[in-house]
Amino acid sequence: MTTPRLDIDIAKIAHNAKELKELYGSKGIGIFGVTKATCGDARIANAFVQSGIHVLADSRISNIRRMRHAGVQAQFALLRTPILSQIDDVVKYADISLNSELVVIKALSESALRQNSTHKIILMVDLGDLREGVMPSDLESTVREVLNLDRIELVGIGTNLACLGGIKPNEKKMADLSSIATDIETRFALTLAFVSGGNSANYDWFISTNDTGKVNNLRLGESIYLGRETLFRKPIPGQFTDAFTLVAEVIESKIKPSVPSGVVCQDAFGNVPEFVDHGQIRRAILGAGLQDVLVSGLTPRSDIEILGSSSDHIIVNAKQVDLKVGSEVEFDLDYGALLSAMTTPYVTKRYVT
Ligand SMILES: *Cc1c(COP(=O)(O)O)cnc(C)c1O
C-alpha cells in the first residue's frame, strides 16, 4: 500500500462519537459533530451520524457542500461566521450558522428572502477568549435587531473559549453564559433551543460540574477524533486515541554521525539547527515531509526520534529499531498534524475497520 498515507479507523471514531454523545447526554448536553479537521470526509461524517449525532458542524461551506453532495443525512451548521461573498451558499447548504456580525445576518436575511427559504442562527457571545462573538454588553441590542429580520430564526446563543486566548471554560464562564441566556429569554419572551457552551475544551468543566445550568450543547471535534480533552490533552477514559495513524516509508537508512560537519548556517526553513552529539547513529530518511504533514505534531509509535524535517523528508534516529529501506514507520498525530494530513493531496487516505 502506497505511502505516505493516513490510516483511518472508522470503527474507533464511531466508538468515540457514540460514547461522548452518551456521556454528555447524561447531563442533558447534546453534541454537534465537528467535521472541519477531516475536510468534510463523507465516511467519517456518516460514522458520526450512525453514532447518533445528527448535526454536523464545519467552519467551511465548501466542506458542508461536499457532505451534502455525498448524501450525508444530517443537519449542517456553519461554525465560522459566514464570509459575506459566500452568503448565498451559506443559506443554500447550511441549516444553521454561528454569527457575530449584524451586517452578515442582514445579508443572510436578504439571501433567504431571495431563495425563498429561512435560515437559523446561533449568536456567538465573546466571554473573554477574544476570537469571535458579540461583546455581552452589545448582545441585547443585537438580538433586538435580529428579531426584526425576515427569514432569520434565532435558535440559540453560544460561546467559544480556549481557542485564541486559551481561556478555560470553567464554572464561572458557563454560569455567565447561562445567565445571559436567561436574560435574553426573559427580555424577549423567547426560547433558545441551543445554549452552546463550547468545544472539546469543556470536558473538565462537564465532568466536575453538578449544574450545567442552561448549557445544552457542545461542538466537538478533537475529542471525538483523538480521544482527548484539549486544555491539557489528557486522554478521556474509554476513548481511542489512535483512530488515525500516519504511515511513512524509509527511503534511506545509514550509519552516520549525529552532528553535521562544516560551517553551520540556516537550514531549508531559515532556522539555525542545533544537534546533540550521540556519536554514530542509524539515520533513516522517510519519504514524507512538511508538504504532507505538520511534522512537529507527529509522535512515533516505536522508540525512534525525529531529528528534523524539510518539505519532502523526515529524518529519524532509528536507535535500536531495525529500519531498512522500505520499512513502514507509524506515527500518532495531534490536531494540527491531522488537519494538515487530511488537507494535502499528497497523503493517501485508507479506511480500516
Ligand atoms: C473548531 C471549532 C469547534 C470544535 O473544536 P474542538 O476543539 O475540535 O472540539 C467548536 N466550535 C467552533 C466555533 C470551532 O471553530
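This is a predicted model: local features need pLDDT of at least 70, side-chain atom pairs count only at pLDDT 80 or more; totals for chains, interfaces and linings use all residues.

Residues are numbered from 1 along each chain as its sequence is written, and side-chain values use heavy atoms, with hydrogens and water left out.

Start with the inside. A nonpolar core here is a set of buried Ala, Val, Leu, Ile, Met, Phe, Trp, Tyr and Cys residues joined through side-chain atoms within 4.5 Å. Buried means under 20% relative accessible area, exposed means over 50%, and partly exposed falls in between (1.4 Å probe, protein chains only). The largest core holds 91 residues, and Leu6, Leu56 and Phe244 touch the most other members. Helix 7 (residues 171–188) gives the largest share, 6 residues. Helices (H or I, at least four residues) and strands (E, at least two) are DSSP runs, numbered from the N terminus. The core lies between domain 1 (10–226) and domain 2 (244–352), because both give residues to it. Those bounds come from an automatic or database domain assignment.

Contact means heavy atoms within 4.5 Å. Residues up to four places away in sequence aside, Leu56 touches partners including Gly33, Phe48, Met67, Val72 and Phe76. There is also a second, separate core of 12 residues, with Phe32, Ala57, Ile122 and Val155 among them.

Now the charges. Side chains of opposite charge can pair when their charged atoms come close. A salt bridge puts a side-chain nitrogen of Lys or Arg within 4 Å of a carboxyl oxygen of Asp or Glu. The structure holds 21 of them.

Glu22 and Lys18 meet at 3.3 Å, N to O. Both lie in helix 1 (residues 10–25), 4 residues apart, about one turn of the helix. Glu22 is partly exposed at 47% relative accessible area, and Lys18 is partly exposed at 43%. In helix 7, Asp176 and Lys172 are likewise 4 residues apart, about one turn. Their side chains form a salt bridge at 2.8 Å, N to O. Asp176 is partly exposed at 25%, whereas Lys172 is exposed at 52%.

Which parts does the pair of Arg301 and Glu330 tie together? Arg301 is in the loop between strand 12 (298–300) and strand 13 (305–310), and Glu330 is in strand 15 (residues 328–333), so the pair joins parts 29 residues apart in sequence. The N to O distance is 3.7 Å. Arg301 is partly exposed at 33%, as is Glu330 at 37%. Elsewhere, salt bridges link Arg5, Asp7, Glu328 and Arg350 in a network.

Turn to the ligand. A residue counts as near it if one of its heavy atoms lies within 4 Å. Of the 13 residues around the ligand, Lys36, Ser200, Arg219, Gly221 and Glu222 come nearest. Polar backbone atoms of two of these face ligand oxygen atoms: Gly221 at 2.9 Å and Glu222 at 2.8 Å. Arg131 places a polar side-chain atom 3.1 Å from a ligand oxygen atom.

Last, Ser59. This residue lies in the loop between strand 3 (55–58) and helix 3 (61–69). Is Ser59 buried or exposed? Ser59 is buried, with a relative accessible area of 16%. Neighbours within four places in sequence aside, Ser59 is in contact with Lys36, Leu78, Leu79 and Arg80.

Technical notes
A polar contact is a pair of N or O atoms within 3.5 Å; within protein, one must be able to donate a hydrogen and the other to accept it, and residues adjacent in sequence count only if both atoms are side-chain atoms.
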